[in-house]
Amino acid sequence: MNFSEFEKKIGYTFKDKELIYEALSHSSYANECHRHSNERLEFLGDSVLSIVVSEYLFTHFKHLPEGELTKIRASLVCENALFEFSKKIDLGKHILLGKGEENSGGRNRPSIVSDAFEAVIAAVFLDGGMEEARRYVLSFMPEHLDKNRAKSLNDYKTALQEVIQRNPEEKVEYVLKDQSGPDHDRRFVVQVMLNSNVIGTGEGHSKKQAEQMAAKEALSLMGYKN
């Protein structure tokens, strides 16, 4: 595999090419080629992304309270935002897909592309360290950021968390209950738990989307308009 074109796009050359190979390998491709998919890297990349963005907002928006910082961060790390960032580097073009996913338009599916975006962050982090990961992530930050950015975002998970935080002893957890369908048309079902009680169920084409729908249902059942 030659990843030089993609490396030029992102401004980083990998010492360990296996990392970028894995980061770009969707599960549909991995299953066909009997190799690791990018799902584990996506898990790590999600955390690296959150740390970098949180640090950036904490440093540059000293006048904003925790609640506003949380909303802006959510607007920058949600699936839609990552999908938009990915377009800047033509990420969809470089993802390795299985035949079924390729034929069903997987290169333009936000859930697939945004997951790969997080996987690439993890690959950069593992290959070059936190400074390189930080430089890479911050290259996508909008030039002008303000709290109004978050107002158009339907981030139900953040809204639910803010409601629950009013009672510090309460704990929210998202549990994957079911996943079905072929790789190119996966369906996920997630329940949101308050302590040990189910307070909402959601379904979507990605785990993140299903979690948002579960949180939306929970807010509705709790009497909050959304």
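Modeller: Helices (H or I, at least four residues) and strands (E, at least two) are DSSP runs, numbered from the N terminus. This is a predicted model, in which local features need pLDDT of at least 70 and side-chain atom pairs count only at pLDDT 80 or more, while totals for chains, interfaces and linings use all residues. Residues are numbered from 1 along each chain as its sequence is written, and side-chain values use heavy atoms, with hydrogens and water left out.

In the sheet, which is open, three strands follow the order β1-β2-β3 with antiparallel pairing, where two strands pair if DSSP finds at least two bridges between them. The edges are taken by β1 (172–180) and β3 (197–204), and because each has a single partner strand, one side of each is left without a neighbour in the sheet. From one strand to the next the twist averages 20°. Strand β2 (residues 187–194) is joined to β3 by seven bridges in the antiparallel sense, and Leu194 has Asn197 of β3 as its bridge partner.

Contact here means heavy atoms within 4.5 Å. Helix α11 lies across β1 and β2 and runs at about 145° to β1, whereas helix α12 (residues 207–221) lies across β1, β2 and β3 and runs at about 135° to β3.

On the α4 side the contact is made by Val48, Leu49, Ile51, Val52, Val53, Glu55 and Tyr56, and on the α10 side by Met130, Ala133, Arg134, Val137 and Leu138.

Two of those residues bring us to the charged pairs. A salt bridge is a side-chain nitrogen of Lys or Arg within 4 Å of a carboxyl oxygen of Asp or Glu, and by this rule there are 14 salt bridges. Glu55 forms one with Arg134, with the closest N and O atoms 2.8 Å apart; this pair links distant parts of the chain, since Glu55 is in helix α4 and Arg134 is in helix α10 (residues 130–138), 79 residues apart. Buried means under 20% relative accessible area and exposed means over 50%, with partly exposed in between (1.4 Å probe, protein chains only). Glu55 is partly exposed at 37%, while Arg134 is buried at 17%.

A further salt bridge joins the side chains of Arg109 and Glu101, at 2.2 Å from N to O. Here Arg109 is partly exposed, with a relative accessible area of 22%, and Glu101 is buried, at 1% relative accessibility. Salt bridges that share partners also bring Glu55, Glu131 and Arg134 together into one network.

Conventions: Axes fitted to C-alpha atoms, helices over the stretch in contact; angles between N-to-C directions.
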